[in-house]
Amino acid sequence: MITYFSEVYPDELLYSQLARCYVKAGYPAYIYMAEDFFQDKKVRPDIEFINTLTPAALQIVTKEMPMREIILKHTMFPYYGRFIEKERRDRAYQTLIGMKGNYNNLLPKVKSCRDRFLRYCPLCVKADRDKFGETFWHRNHQITGINVCPIHRCYLKNSEVVISAKASPILHHAEGIIPQKDNVEMVGNGIECEVSKYVVAVFQLDLDMDSDVNIGEFLHSRIIGTKYCSARGKKRYMELLHKDFMSYYERLSENRITELWQLQKIFTNDRSNFVEVCLLAYFLKVQVDDLVNMKVPDVPLDEIFDAEIKRLHDKGLKYPEIAKRMGMSYDSVKTIGNGRYGIYQHRKENPQKGGVRAKDWTKLDDEYLPLVQKAIQRIENDESSMPKKVTIIGIERDVGLPEGSMKKMPKCREEIKNHSIPQEQLWAKKVVWAVRKIQSRGQTLNWKHIRDLTNMRNENFQTCKPYLEMYADNEMVDGIKELL
Amino acid sequence: MNKLADIESMLPKMKSGDELIKSLEIKPDYNESIRKENMAVRLMKLSDIYNVYVPSRMTEEIYYKLYLALVYSIRKKTTKKAVLQQNENHKAIMAQEYRGIIGGADSLLIAGTSGIGKSTAISRAISLISDKGVMELDVPYSFIIPCVVVQCPFDSSVKNLLLEVLRKVDERIGSNYYQNAIRARATTDMLLGMVSQVSLNHVGLLIIDEIQNVVNSKNGRGLIGMLTQLINDSGISICMVGTPESVIFFESSDYLARRSLGLQYQAMAYNEDFCNICNVLYSYQYVMHYTELTEAITEWIYEHSAGIVSNIVVLLHDAQEIAIMDGTETLDISSLNKAYKNRMALLHDYIAPSIQKRKSTATIRKKADKIHELEEKQDFIEETEQENLIALLVAQAKQNSTDIVKLLQENLIVMEVSV
C-alpha cells in the first residue's frame, strides 16, 4: 500500500513529483516504488507526460486534483497540444487522461539529433530551496526553443538527466542532481528575455480545449491590414514577412525558422510547434490573451471586401473610382465586381485534363457501409478460427479498400468503432473459444491447453475473467475460473 | 483537507486535573450482589481486580511528559529542516554520505522498579494521546502514528530493533516497509536511513520498552548510539522505559546521561496515594462476608507489598481466591497472610516486612545435607526438650573455643538477621 505521496509544487512536472515521492517515502530501491506506482514496473518513467499508473497510485495522485487538471498543469501537454487541430488535441488529451494509447503519435514531438536534458535555472533553484527546502523540475524550463529563465533573465542550464527513450528506468529528483552552488550566466540580449517571457506566459495560461480555431487561420487574420497581406486579405506577402521576421530575430540564439517554407507551413496549419508559433505571434504583436483565446472574424475579410465593392458599384460608382477608394487595382476590382474572382483560382475539378479524379467520399461511405457491416458480422460470428478484433485496417482489407480510406468515411468508421471491444473482452472471447475447441477435441481442460491455443499470459487471463459471462454460461465460467 | 501544517490541531486536547484522572482510571463495574453468587461465578469475576487502574502522580507525570514530547516531535515535521532531512535520509538509504540536519526532539528515560505500574501508566497515557488513532493527512498524503511502542531486543541487536520499528509501522498503517527492507537485504546503515525516513514521515513518539536489556549486552552502547543517530536523523521524540539498572548504565557517560533525562520512580511510600489505591482495590470484594479496610490492614498490606502496586493486586486477588476456595469467605489479615506465605514465597526476599534477612555467615552446605540435618535437629529437639540446651551449647563453645553460631546451627534451626 502506498502510504506517502508528496504535495505538488507550482508548475512542477508530475515526473518531478513522483521523483520526490521516491526519495521521501523511504523506498530502499527504485523497483519497489515502481511496483507501487506503475502498471509495468519496468517502464521508463515519462518525463514530459504520464505513465500508466496502478489503480492505488491513480487514486492517490488524483486526490488533490483531477487527472485532467494534472495533464494541463503538470505535464508538457499545453506545449505540444496547444496549436494542433482540435480533433487531434482532443484525442491526445483523452489518451493521456485514460493513460492508454500512444499519445506520442498524436502530438507533434520535435525530433532532434542533439540529446535533450532536463534543465533548470540556478536562481529559481535557489529560490525554491529558500522557500520549500528543496528544488524540483519546473515545466517552464523544459520548453524546447527557450533558453532563458523568464523570471531571472539568466540562461537555463542542462542537468545530467537525459530525456531519451534509451535512458534507464529510474526517477531523478532535482534536489539530488542540481548542485548546491552553480554559476549564473545573465542574458545581455533583450529580445531573448522578451521572447522567453512571452512564450512562458502563453504556456502558463489555461488551454481552451473547446477552441476549434486553427493557428494558421488565426495568424492570417492578424496579418490582414498589415503590409504582409493584400488589401482583400487573401494574398500573403511571405517573402517580405520572412525577411522582416529573420531580421527581427537576428539576435535570438535559437530560431528554428530559417526558411520561408517553414513560415508558410504555419499559415497552412502544417506546422504547429509551440515556440515557432509564439515567435511569429510575438513578431506580429499578438497579445498573449489573444493568442491563448484565438478568435477569427465571423465573416472573412475577402467576403466583406467583395460585398463592399458590390455595394459601391450598386450605388453607381464606376470601377476605377472604386479601385481608387479601396486601394486596389482596377483589374482586380472589375473581376470581383463581375463575380469572376475565385472561379479560376478555386476550381477543384478540371475534366478536360487527365490525372487522378477526386473521389466522392460521401457516396463511397454510403456504398461501403453495408459491406462493412457484413464484414463486422463475419468477424464477430466466426467460430472456426480464433476470435479477432474488429479494426479499421482489418475491415479495409476485408472489403478491398486501400489502407487509410476509412479516414474519409465517417459512417463506416463509426460502425467499426461501435463494434470494437476492449482488449480484456477479446481475451475472454478467445478463452471461451479455446475451451470449446478443447472440449470438442476431447482433451483435458487445463490452463496449458488454453495457453497453447491462445498464447495468452496468466495476467491477461486474470484480467479477462469479468467478461467471461458474456460468452459462456455460468457452469462453463465457473469451470474456467477454477483453472487459475 | 488535512495538511501537515495543521497537524497539531488534529491531536486530542491535552487534559489536566480531574478530567485527566477520570480519563486515566479504569474501574470495572462492581455490584455488591456478586457476593451472593456461587463460587465459580465469583472466582471468574475476581479477575476484574487485574483490570482496575488507579492513576497516581506517576501516571499524570508520564502523560504530560509523553504528550509534550509528541507535540515537540510533530512540530518538527512541519519545518523546512524536515524537508532537508528527508533528502539526506535518502542518501543514507542509498549508502551515500549524509548528515543529520533536523536535530533531536526530545529523548527521555522512564525508569522504575519492576511492578510499580510504569508500563501500564504509559499504556494508559498512550491510549489517551492516541485517542483519534492514526492521523491521515491529505497534503502531503501520509499517515502519522502518534505513538509506536517496541521492545528492546534481548541481545540489543541494532538490526532487530530497526526491523521491529518498521514492522510496527506496517502493522498500523498497512505499508510494506518491513517487507521491502527484507527483500532489499538492507544493511544496518540502509536500515537506519529507512527507519529515520519512516519515523520522520509516520511516527510521532517512539517508545522503547525493556531498555535495561542494553545493560547486560555487549551491543548495548551500540544500540544507544544508534538511537542517538535516529533521533538526529528523524527529529522524533524517543522514550526509553526500563528498570533502575538502566539508570546506572546511562549514568556511566555524559552523552548517555544527556539522552536519558527523565523520570525515575521507586516503590510507593506509605502516603495518601497508596491508601487511595488500597481503598479502591479493597472495595472489589468477591468473598461472601464484606470487611472494611482498616488502617491496620492498610499498614499490613504496605509492609507485605513493599509499596509495589502489582504486589498489592496479587495479594488482594489471591487472598480472596484462597478465601473463596477454602470456605473462609473473608478478606482479612488471616487470608492475606495465607496469600503472602503461599503465593508470594518467591518474593519474600524482596519484600520481607520490617526484617531484612542477611546471607548466612557460615559456609553454604549442600541442600540435601541441609534438609537431612534439619530433620535430625527437629527430632533431637523433640526428644530432649531440654530448657537449658542453649546454656549447654554456650558452655560447650567456651570450653572448646568454637564459634557459638556454628554450634547453634548444628543443633537448632538458626536464622541470621541484620541489626
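Helices here are DSSP runs of H or I with at least four residues, strands are E runs of at least two, and both are numbered from the N terminus. By that count, chain B has 19 helices and six strands.

Before going further, a word on ground rules: this is a predicted model, where local features need pLDDT of at least 70, side-chain atom pairs count only at pLDDT 80 or more, and totals for chains, interfaces and linings use all residues. Residues are numbered from 1 along each chain as its sequence is written, chains are lettered from A and ligands numbered from 1 in the order in which they are written, and side-chain values use heavy atoms, with hydrogens and water left out.

Let's stay with chain B for a moment. Take contacts (heavy atoms within 4.5 Å) between residues of chain B at least 6 apart in sequence: 77% of them join residues at least 24 apart.

You'll find Arg42(B) in helix α2 (residues 39-46) of chain B, and Arg42(B) counts as buried because its relative accessibility is 1%. Its side chain makes a polar contact with the side chain of Glu329(B) at 2.6 Å. A polar contact is a pair of N or O atoms within 3.5 Å; within protein, one must be able to donate a hydrogen and the other to accept it, and residues adjacent in sequence count only if both atoms are side-chain atoms. Beyond its neighbours within four places in sequence, Arg42(B) touches residues including Tyr286(B), Val287(B), Met288(B) and Ile324(B).

Now for the interface. Chain A brings 27 residues to the contact and chain B brings 30. Together they bury about 2,500 Å², 55% of it on carbon and sulfur atoms; that's the accessible area (1.4 Å probe) lost on putting the two parts together, summed over both.

Across the interface there are 11 residue pairs in polar contact, both at pLDDT 80 or more. On the side of chain A that touches chain B, the elements giving two or more residues are β1 (4-5), α1 (14-24), α2 (30-37) and α7 (122-132). Of these, α7(A) gives the most, with four residues.

The rule also finds two salt bridges across the interface, each a side-chain nitrogen of Lys or Arg within 4 Å of a carboxyl oxygen of Asp or Glu. Arg183(B) forms one with Glu35(A), the closest N and O atoms being 3.0 Å apart.

Conventions. Buried < 20%, exposed > 50% of the residue type's maximum accessible area, 1.4 Å probe, protein only.
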